[in-house]
Amino acid sequence: RAARDMKKGEEVTISYISAESNSYDERQLRLRRSWGFDCGCALCMTEAKDGEASRKKRAEVSETMETIVQSSKDKPSKQAIKQMDAKAKACWNEMKATYTADRSSGEYVDGLKPELARAAESFASVVERGDNTKSDWHSTLQRAIQLRMDAIELRGLRVVDRSVSGAINSAHQGNERCLPVVLTHISPYQETCIVGIINIVKLFE
């Protein structure tokens, strides 16, 4: 099934390498080495326009975020988790700052931002390790769920109801089976989006 409407005579292409787990510069390098060409897909062309400085900053922030995530898995103290949360939030904001406002428009590959999506998930995983006392756990879960919804949208799946409790908003009852996402719009990273949705569901358990 096509992810979008196609024009008559439009070329149908396949992905040689995943943009989900590889940055623009990593993709281009691997494609040149293995296949001998520079990719000119819509996402690569858009990320090329973002500029080398922005892409370099994303790589630096991604590395820092990964270090924070790994540290959060070592059963740190509550105080250490709070510090990690603050650092992860700073990384999230730094990553967002590398994208211009017009990168959210349909003109730019439907707002796809794989690296920012990964940062959102990393931030969420740190948040989920935060204060689980009864008084604060609800707000902690809300933050994590919102970040994971951000990640899904940044991969191209449209979330139509971002509430975290109650029935699906009545304004969206026309949506297929009243789900909080638009099923008629297919993300190029649909498998990853499904995993993201499952991770959100687990937070409601």
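1. Helices in this note are DSSP runs of H or I with at least four residues, strands are runs of E with at least two, and the elements are numbered from the N terminus. By that reading, Ser122 sits in helix 5. We are looking at a predicted model: local features need pLDDT of at least 70, side-chain atom pairs count only at pLDDT 80 or more, and totals for chains, interfaces and linings use all residues. Residues are numbered from 1 along each chain as its sequence is written, and side-chain values use heavy atoms, with hydrogens and water left out.

2. Let's take the overall picture next. The protein chain has 7 helices and 0 strands, and its elements run α-α-α-α-α-α-α from the N terminus on. Of its 205 residues, 38% are buried, where buried means under 20% relative accessible area, exposed means over 50%, and partly exposed is in between (1.4 Å probe, protein chains only). The accessible surface comes to about 12600 Å², with 52% belonging to carbon and sulfur atoms; areas come from the Shrake-Rupley method with a 1.4 Å probe, and for residues only the protein chains shown count as cover. Counting a contact as heavy atoms within 4.5 Å, 58% of the contacts between residues at least 6 apart in sequence join residues at least 24 apart.

3. Which residues have the most contacts inside the largest nonpolar core? They are Met65, Trp92 and Phe123, in a core of 24 residues. A nonpolar core is a set of buried Ala, Val, Leu, Ile, Met, Phe, Trp, Tyr and Cys residues joined through side-chain atoms within 4.5 Å. Helix 3, helix 4, helix 5 and helix 6 are the elements that give two or more residues to this core, and helix 5 supplies the largest share, 8 residues. A second, separate core of 6 residues includes Met149, Ile152, Leu157 and Ile200. As background, nonpolar side chains tend to be buried together in soluble globular proteins.

4. Met65 deserves a click in your viewer. Leaving aside residues up to four places away in sequence, Met65 touches Ala88, Cys91, Trp92, Ala119, Ser122 and Phe123. Ser122 is buried, with a relative accessible area of 16%. With those sequence neighbours again left out, Ser122 touches Met65 and Val69.

5. Helix 2 (residues 42–50) has Leu43, Cys44, Thr46, Glu47 and Asp50 as its buried residues. Seen down the helix axis, these buried residues fall within an arc of 160°, so they line one face of helix 2; the arc is that of the directions from the helix axis to the C-beta atoms. What covers them includes helix 1 (24–34), helix 3 (52–72) and helix 5 (114–127).

6. Lys75 has phi near 50°, a positive value in a residue other than glycine. Lys75 lies in the loop between helix 3 and helix 4 and, at 82% relative accessibility, counts as exposed.

7. How many salt bridges does a search of the whole structure find? The search finds 8, each being a side-chain nitrogen of Lys or Arg within 4 Å of a carboxyl oxygen of Asp or Glu. One of them pairs Lys57 with Glu94, the closest N and O atoms being 3.3 Å apart. Lys57 lies in helix 3 and Glu94 in helix 4 (residues 78–96), so the pair ties together parts that are 37 residues apart in sequence. Lys57 is partly exposed at 34%, and Glu94 is partly exposed at 34%.

8. Glu128 pairs with Arg148, the closest N and O atoms being 2.7 Å apart. Glu128 is in the loop between helix 5 and helix 6 (134–154) and Arg148 is in helix 6, so this pair ties together parts that are 20 residues apart in sequence. Glu128 is partly exposed at 22%, whereas Arg148 is buried at 9%. Arg32 pairs with Asp38, with the closest N and O atoms 2.4 Å apart, and Arg32 is partly exposed at 43%.

9. Finally, the surface. Ile14, Tyr16, Trp35 and Phe37 make a nonpolar patch of about 470 Å². Patches are made of residues with over 30% relative accessible area and no salt bridge, joining like charges within 9 Å and nonpolar side chains (Val, Leu, Ile, Met, Phe, Trp, Tyr) within 5 Å. Trp35 is found in the loop between helix 1 and helix 2 and counts as exposed, at 53% relative accessibility.
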